[in-house]
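Here is a short note for a colleague who is opening this structure for the first time. Please read the points with the structure in view.

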Amino acid sequence: MDQTSEHTITFRCPPELEGILPRPIPAVLGLPDWFKELPQKAFSATLRDELFTIKKCPPVIDAMTFGFLMPLACDLKVENGEFTWQRDLPAGIASYSRSPIDFHDGCQVAGTPFFDEDRFIIKFNNFWTIQLPPGYSLLVTHPINRDDLPFSTLCGLVDADSYCDIFVHFPARWRDPSFYGTLPKGTPVAQCIPMKRETWSDRFETITGEAADRLNEIGDAVSRGLGLYRQQFRAPKR
C-alpha cells in the first residue's frame with residue numbers, strides 16, 4: 001500500500017475501466033442545477049419583505065460542497081420498478097461484479113425505518129478504491145441536501161486508511177416508486193467526507209457573564225442580516 005500525504009485522498013480503479021468510468025469529483029464542482037439557479041433573495045408574502053434564500057446560507061453551502069461526490073457508473077433505466085442498463089466492460093484484473101447496482105435483502109433492515117415489505121435495499125456498486133492518510137476515516141452519506149434524488153443513500157463510516165484495497169459500495173433505499181426514466185451516468189450516489197479519528201470528552205456549563213453578553217451581541221447582529229458569520233466566523237474549507 002502506497003503512503004499518502006496528510007491531505008490527499010487517493011482513488012484507484014481497475015486499469016480496464018480507466019477512460020470508461022466517471023471519476024469522483026470534489027463536491028464543490030457537483031452542485032445541482034436547482035441550487036445554481038436559486039435567487040439570493042425571495043419575497044415573503046407573510047412578512048412583506050425580501051429574505052435571503054438558502055443560497056446565502058454558508059452552513060448549507062459548506063455542507064453541500066465538502067468532500068467528494070461518488071458517481072453512478074453508467075446510465076440506469078428505471079421503469080415499473082425494474083432497473084436495466086447497457087454496459088459492456090472488458091475483462092480485467094479481478095472477478096468483480098460488472099453490474100452498476102446490486103441489492104441487500106429486505107430482512108437485513110427489518111425493524112428499521114429503511115424497511116419496505118415489497119422492496120429490496122439497492123446497492124450502488126463502486127469501482128474505485130479509496131485511500132485516506134493514516135488516522136482518517138471516511139464518512140459516507142447521501143449527497144447532502146439532495147432530496148431531489150429518488151433514493152436515499154445510507155450513512156456509514158469506513159476506516160479507509162487501512163480498508164483501502166477493495167471497493168466500498170453504497171446501499172440506498174429507493175424512495176420514489178413513481179420514478180420513471182433514466183438516472184444518467186455520473187449522478188452523485190454518495191458524498192464522502194474524510195474525518196480525522198479523535199477521542200472527544202464532554203463538558204456542560206451555563207451561559208453567564210461575558211458569554212451571555214456575546215450571545216446577545218452576536219444574536220442581534222445575525223438577526224439584522226449583516227453577514228456576520230460569513231465575515232468573522234466562517235473558516236476556509238479549501
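**Notes on the predicted model**

1. Start with a salt bridge. Glutamate 205 and arginine 203 meet through their side chains, at 3.4 Å from N to O. Keep in mind that this is a predicted model. Glutamate 205 is exposed, at 65% relative accessible area. Arginine 203 is exposed too, with a value of 70%.

2. The whole structure holds nine salt bridges. One of them joins glutamate 16 to arginine 98, with the closest N and O atoms 4.0 Å apart. Glutamate 16 sits in the loop between β1 (10-12) and β2, while arginine 98 sits in the loop between β7 and β8 (101-104), so the pair ties together parts that are 82 residues apart in sequence. Glutamate 16 is buried, at 13% relative accessibility. Arginine 98 is partly exposed, with a relative accessible area of 24%.

3. Salt bridges also form a network here. It links Asp159, Asp161 and Arg197.

4. Now look at the open sheet. Its three strands come in the order β7-β6-β15, with antiparallel pairing. Which strands stand at the edges? They are β7 and β15 (181-183); each has a single partner strand, so one side of each is left without a neighbour in the sheet. From one strand to the next, the twist averages 30°.

5. Within that sheet, β6 and β7 run antiparallel and are joined by three bridges. Lysine 77 stands opposite threonine 84 in β7. Lysine 77 also makes a salt bridge with glutamate 79, where the closest N and O atoms are 3.4 Å apart. Both ends are partly exposed: lysine 77 has 38% relative accessibility, and glutamate 79 has 26%.

6. Strand β5 (residues 68-71) deserves a separate look. It pairs with strand β2 (residues 25-26) in the antiparallel sense, over two bridges. Isoleucine 25 has leucine 69 in β5 as its bridge partner. Strand β5 is also joined to strand β16 (residues 188-196), by four bridges and again antiparallel. There, methionine 70 has alanine 190 in β16 as its bridge partner. Strands of a sheet pair through backbone hydrogen bonds, in a parallel or an antiparallel way.

7. Most residues other than glycine have a negative phi. Arginine 48 is not a glycine, yet its phi is positive, at about 55°. It lies in the loop between β3 (41-44) and β4 (49-52) and is exposed, at 62% relative accessibility. Asparagine 80 is not a glycine either, and its phi is a positive value of about 55°. Its place is the loop between β6 (76-79) and β7 (82-84). Asparagine 80 is exposed, with a relative accessible area of 73%.

8. How many disulfides are there? With a cut-off of 2.5 Å between cysteine sulfur atoms, the count is zero. For cysteine 74, the nearest cysteine sulfur is that of cysteine 13, 15 Å away. Cysteine 74 is buried, at 6% relative accessibility. For cysteine 155, the nearest cysteine sulfur belongs to cysteine 192, at 11 Å. Is cysteine 155 buried or exposed? Cysteine 155 is exposed, with a relative accessible area of 59%.

Note on methods: Residues are numbered from 1 along each chain as its sequence is written. This is a predicted model: local features need pLDDT of at least 70, side-chain atom pairs count only at pLDDT 80 or more; totals for chains, interfaces and linings use all residues. Side-chain values use heavy atoms; hydrogens and water are left out. Buried means under 20% relative accessible area, exposed over 50%, partly exposed in between (1.4 Å probe, protein chains only). Two strands pair if DSSP finds at least two bridges between them. Axes are lines fitted to C-alpha atoms, for helices over the stretch in contact, and angles run from 0 to 180 degrees between N-to-C directions.
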